[in-house]
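Reader: Hi! Could you walk me through this one while I have it open on my screen?
Author: Happy to, just ask as you go.

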Amino acid sequence: MPRVSASGNVAAVDLGATSGRVIVGYVGADTLETETVARFANDPVHAGDGLHWNLVGMYGSVLGGLREAFRSTPEIASIGVDSWAVDYGLLRRGRLLGEPFHYRDERTARGVETVHARFPHAELFERNGLQFLPFNSLYQLAAEDPEVLAFADTALLVPDLIGYWLTGVARAEQTNASTTGLLRVLQAAWDDGLVSALGLPRGILPPLIAPGETLAPLRADVAASIDAAAGTPVTAVGSHDTASAVVAVPMQADAAAYISCGTWGLVGVEVDHLVLTRAALEANFTNEGGVDGRVRLLHNVMGLWVLSEAVRQWERREGHRIDLPTLLDAAREAEGVVFDVNDPRFLAPGDMTPRIDAWCAEHDLAAPRTRAEYTRSIVESLAQAFADAVATAARLGRVDVRTIHIVGGGALNELLCQRTAYRSGMPVLAGPVEATALGNVLVQARAAGFVSGSLESLRDLVARTHEPRRYEPRAGA
């Protein structure tokens with residue numbers, strides 16, 4: 001552990017499914033401050049062969065953001081990168097073989113069929129501990145063009161790919177590697193047997209690296225291009241954005257559940273052991289790696305994606321922007337129906353309202369009629385899904401959950417927070433909104449020696465510097 005110094009600055013690159021940011025964090029024993037110095041869109045691209053990320057364009061935006069970070073704060077001790085999980089780039093001798101596919105691309109269906117023909121989900125769960133999600137990396141790799149896959153010599157998840165471009169060193173950070181389906185969780189190592197049985201080239205999976213370890217210093221040309229000091233290190237963080245977010249949840253892990261809410265709602269508890277029981281399999285829960293060897297026992301709920309897609313379609317049809325706070329205010333006074341937001345029909349991009357109508361018709365329920373009613377229905381359905389997932393997580397993890405923490409963008413949605421409190425029967429503490437960036441910053445700051453101690457110490461610093469908003473489980477909206 002480095003000697004603790006007074007305070008210092010780090011830069012966090014935080015890439016989400018709709019936008020990316022570069023944030024400068026200033027950290028000391030009683031200080032945790034952040035400033036967003038750059039924000040940029042992350043818009044997928046429909047190409048002839050499917051839906052892709054424009055990752056090269058995003059990397060250009062990352063460099064521009066880091067340049068601004070070093071311009072505003074020259075003394076930055078390190079850089080850390082986090083992003084969404086499961087998506088990857090294939091490389092050959094360091095060259096990217098096309099833009100990475102988007103996890104919502106429909107090609108994943110054939111990957112599921114290929115994998116499950118050899119390994120049913122129950123057998124996979126014993127090996128990788130993961131919830132079935134049709135876009136997990138092993139399904140995506142199984143859906144790849146065999147010739148392209150055979151030509152590749154490296155596969156890097158999104159934050160690992162950004163790290164490689166920054167440093168020239170290819171590693172797979174452990175928390176994100178745990179989401180691929182290719183990690184043997186009991187050994188915390190790549191599952192060579194599974195990789196071989198699926199006909200995937202073992203050599204494309206790079207060595208693992210743990211959060212807090214130094215990946216490598218910036219390449220000299222990269223450092224020069226962003227005006228960074230020569231030798232500035234890139235530090236591995238919890239590069240799965242949820243892993244970073246959970247670091248910054250100001251909770252007592254033995255008495256709380258967390259919901260990292262944005263495009264997805266990641267709902268679970270933190271435990272110190274894997275939960276590979278039949279009950280966890282049947283509940284479709286996942287064991288993902290956390291910082292400091294913790295286990296994130298959680299369930300993926302569809303999240304605010306459903307609402308954002310509905311709003312996007314309304315805006316497209318009318319040709320003007322819809323003010324979300326105004327829409328949510330109207331939803332407070334509207335009636336809503338509860339539908340299953342985890343139904344696979346809500347995964348793909350597009351108009352959500354006809355899918356909600358179809359679900360309601362199939363279940364003999366009256367469908368919403370107005371935008372306010374659709375919005376209320378989405379919020380109520382998310383709140384119920386969150387409450388159900390919290391109850392299941394508590395039971396599976398044997399955690400006496402008495403409080404729910406909501407972090408991320410969902411913490412700003414007052415109606416969602418209040419209805420989650422009501423439907424769960426527990427108080428909800430909302431915030432910090434920037435939990436992912438804070439977790440990224442904190443792991444770097446601890447590695448640099450600006451703070452020290454366990455996750456509990458880091459969370460105590462969050463609690464002392466970022467007061468959450470409390471919602472009681474009352475009936476009113």
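**A chat about the model**

Author: Let's start with Leu347, which sits in the loop between α13 and α14 (353-362). Keep in mind that this is a predicted model.

Reader: Thanks! Is Leu347 buried or exposed?
Author: Leu347 has a relative accessible area of 17%. Buried means under 20%, so Leu347 counts as buried.

Reader: How many Å separate the C-alpha atoms of Leu347 and Thr175?
Author: Those C-alpha atoms are separated by 24 Å, and the two residues are 172 residues apart along the chain.

Reader: OK, helices now. At what angle do α13 and α15 pack?
Author: Helix α13 (residues 324-332) and helix α15 (residues 371-397) pack at about 85 degrees, and their axes are 8 Å apart. Angles of 65 to 115 degrees count as roughly perpendicular, and therefore α13 and α15 are described as roughly perpendicular to each other.

Reader: Which residues in α13 and α15 meet?
Author: From α13 there are Leu327, Leu328, Ala330, Ala331 and Arg332, and they meet Arg371, Ala372, Thr375, Arg376 and Val379 in α15. Sorted by class, this contact has six nonpolar, one polar and three charged residues.

Reader: Nice. Let's jump to the strands: how do β1 and β2 run, and how many bridges join them?
Author: Strand β1 (residues 7-15) and β2 run antiparallel, with nine bridges joining them. As one example of the pairing, Ala12 stands opposite Ile23 in β2. A hairpin through three residues joins β1 to β2.

Reader: What about β2 and β3, how many bridges there?
Author: Ten bridges, again in the antiparallel sense, pair β2 with strand β3 (residues 31-41). Here Gly20 stands opposite Phe40 in β3. β2 and β3 also form a hairpin, with two residues between them.

Reader: How many residues of β2 are buried?
Author: Eight of the ten residues in β2 (residues 19-28) are buried, so to speak "mostly covered" as a strand.

Reader: Another sheet, please. What is the strand order in the open sheet of three strands?
Author: The order is β8-β7-β9, with antiparallel pairing. At the edges are β8 (95-96) and β9 (154-157), each of which pairs on one side only. Helix α6 (residues 158-167) packs on this sheet and touches β7, β8 and β9, and the direction of α6 makes about 110 degrees with that of β9.

Reader: How many bridges pair β7 and β9?
Author: Four bridges pair strand β7 (residues 88-92) with β9 in the antiparallel sense.

Reader: Tell me about Thr154 then. Buried or exposed?
Author: Thr154 lies in strand β9 and is buried, with a relative accessible area of 17%. The side chains of Thr154 and Asp153 are joined by a polar contact of 3.0 Å. Not counting residues up to four places away in sequence, Thr154 touches Gly89, Leu90, Leu91, Ala170 and Ile204.

Reader: Changing topic, where is Thr180?
Author: Thr180 is in the loop between α7 (174-177) and β11 (183-184). Thr180 is buried, at a relative accessible area of 4%.

Reader: What does the side chain of Thr180 reach?
Author: The backbone oxygen of Ala177, at 2.8 Å. Once neighbours within four places in sequence are set aside, Thr180 is in contact with Leu130, Asn136, Ser137, Leu138, Leu157 and Trp190. As for Ala391, that residue and Thr180 are 211 residues apart in sequence and 26 Å apart in space, C-alpha to C-alpha.

Reader: Last one! Where is Asn128?
Author: Asn128 is in helix α3 (residues 121-128). With a relative accessible area of 4%, Asn128 is buried. The side chain of Asn128 reaches the backbone oxygen of Gly181 at 3.2 Å. Beyond residues up to four places away in sequence, Asn128 touches Gly181, Leu183, Val185 and Asn287.

Reader: Great, thanks a lot!

Note on methods:
Residues are numbered from 1 along each chain as its sequence is written. This is a predicted model: local features need pLDDT of at least 70, side-chain atom pairs count only at pLDDT 80 or more; totals for chains, interfaces and linings use all residues. Side-chain values use heavy atoms; hydrogens and water are left out. Buried means under 20% relative accessible area, exposed over 50%, partly exposed in between (1.4 Å probe, protein chains only). Two strands pair if DSSP finds at least two bridges between them. Contact means heavy atoms within 4.5 Å. A polar contact is a pair of N or O atoms within 3.5 Å; within protein, one must be able to donate a hydrogen and the other to accept it, and residues adjacent in sequence count only if both atoms are side-chain atoms. Axes are lines fitted to C-alpha atoms, for helices over the stretch in contact, and angles run from 0 to 180 degrees between N-to-C directions. Angles under 35 degrees count as roughly parallel, over 145 as roughly antiparallel, 65 to 115 as roughly perpendicular and the rest as oblique. Ala, Val, Leu, Ile, Met, Phe, Trp, Tyr, Cys and Pro count as nonpolar, Asp, Glu, Lys and Arg as charged, and the others, Gly among them, as polar.
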